[in-house]
Amino acid sequence: YGKLYALNAKNGEKLWAHDLKREFGGKVPQWGFSASPLVEGNLLLIEAGGNAGKSLIAFDKKSGREVWASQTDAPGYSSPIAITVNGVRQVIFFTGTTLVSVSPVDGKLYWRHSWQTSYDVNAATPVFLPNDKVFISSGYDKGATVLQMKVNSGRVTVEEIWKSRVMKSHFASSVLHGNYLYGFDNAILKCIEATTGKEQWAERGFGKGSLMGAEGHLIILGERGNLVLAEATPSGYKEKASAQVLNGRCWTVPTLAGGKLYIRNQKEMVCLDVTGQN
């Protein structure tokens, strides 16, 4: 519903808060606000979806004071990323209709690339392909593209390298390992070559799952709670281990921290020890 809170991690005390809808005219997306805030230096950046130049907002992360606001895009469901290309720091937002690049310092627009998707469901997080490219993908038969950024005297332009329906990410973000992207083309797990979009392999059986990368492997959580460890290799789908750990709809990417793997469905969360130690 667009309520943004900063809390003390030790005791949960509220430090500051904002109501994106009430304060900035943020439009609540059909399936709710989903973008994760991004910490960039002393700033916290968020896609507020407000009108009249209040779509993208940067707050002082400690005080909650508004530092700048920019653009007038309809909100999407994707989270922003921060990248540096040829010395130019950019924050990339994947809004409901457009891929937008702005300066983290003042919100100044660097470039825009239109990306119209049914119901404004641009949900998967963009993937930076070092040193100068970015990958985006959307579902509803939209597909994917890779854009190359070029910097000249501080001015950034973009050029489309390839565009294809080989990867149609409904909501799960893709993982980059080497020159290959691993992600869900709707309900099919795929590996594609990042620079060309050429499909390397495809594997069914997960439904609309999600995945993350870890030490040359993929941790894959299927839509119905089947958890799989597979090699991140373009030579084929190579499963190392699997277990049924949850039931019901699992649409949240796994999280790995300190040797513990956290996964959840829509009702409960499970923590698994994956260190291999008893």
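Which residues form one aromatic cluster? In this predicted model, the cluster is made up of Tyr182, Phe184, Trp201, Phe206 and Tyr237, and a search of the whole structure finds 11 aromatic pairs.

**View 1. The aromatic pair of Tyr182 and Trp201.** The ring centres of Tyr182 and Trp201 are 6.1 Å apart and their planes stand at 45°, so this pair is classed as tilted. Tyr182 belongs to strand E16, which covers residues 180-185, while Trp201 belongs to strand E18, covering residues 199-203, so the pair ties together parts that are 19 residues apart in sequence. Tyr182 and Trp201 are both buried.

**View 2. The aromatic pair of Phe184 and Phe206.** Here the arrangement is edge-to-face, with 6.1 Å from centre to centre and 85° between the planes of Phe184 and Phe206. Because Phe184 lies in strand E16 and Phe206 in the loop between E18 and strand E19 (210-214), this pair ties together parts that are 22 residues apart in sequence. Phe184 has a relative accessible area of 2% and is therefore buried, the cut-off being under 20%. Phe206, at 5% relative accessibility, likewise counts as buried.

**View 3. Lys142 over the face of Trp115.** This close-up turns to a charged residue and a ring, with Lys142 lying over the face of Trp115 at 4.5 Å from the ring centre.

**View 4. Arg249 over the face of Trp251.** In this view the charged residue is Arg249, which lies over the face of Trp251 at a distance of 4.3 Å from the ring centre.

Methods. Residues are numbered from 1 along each chain as its sequence is written. This is a predicted model: local features need pLDDT of at least 70, side-chain atom pairs count only at pLDDT 80 or more; totals for chains, interfaces and linings use all residues. Side-chain values use heavy atoms; hydrogens and water are left out. Rings of Phe, Tyr and Trp (its six-membered ring) pair if their centres lie within 6.5 Å; planes under 30 degrees apart count as stacked, over 60 as edge-to-face and the rest as tilted. Helices (H or I, at least four residues) and strands (E, at least two) are DSSP runs, numbered from the N terminus. Buried means under 20% relative accessible area, exposed over 50%, partly exposed in between (1.4 Å probe, protein chains only). A charge sits over a ring if NZ of Lys or CZ of Arg is within 6 Å of the ring centre and within 35 degrees of the ring normal.
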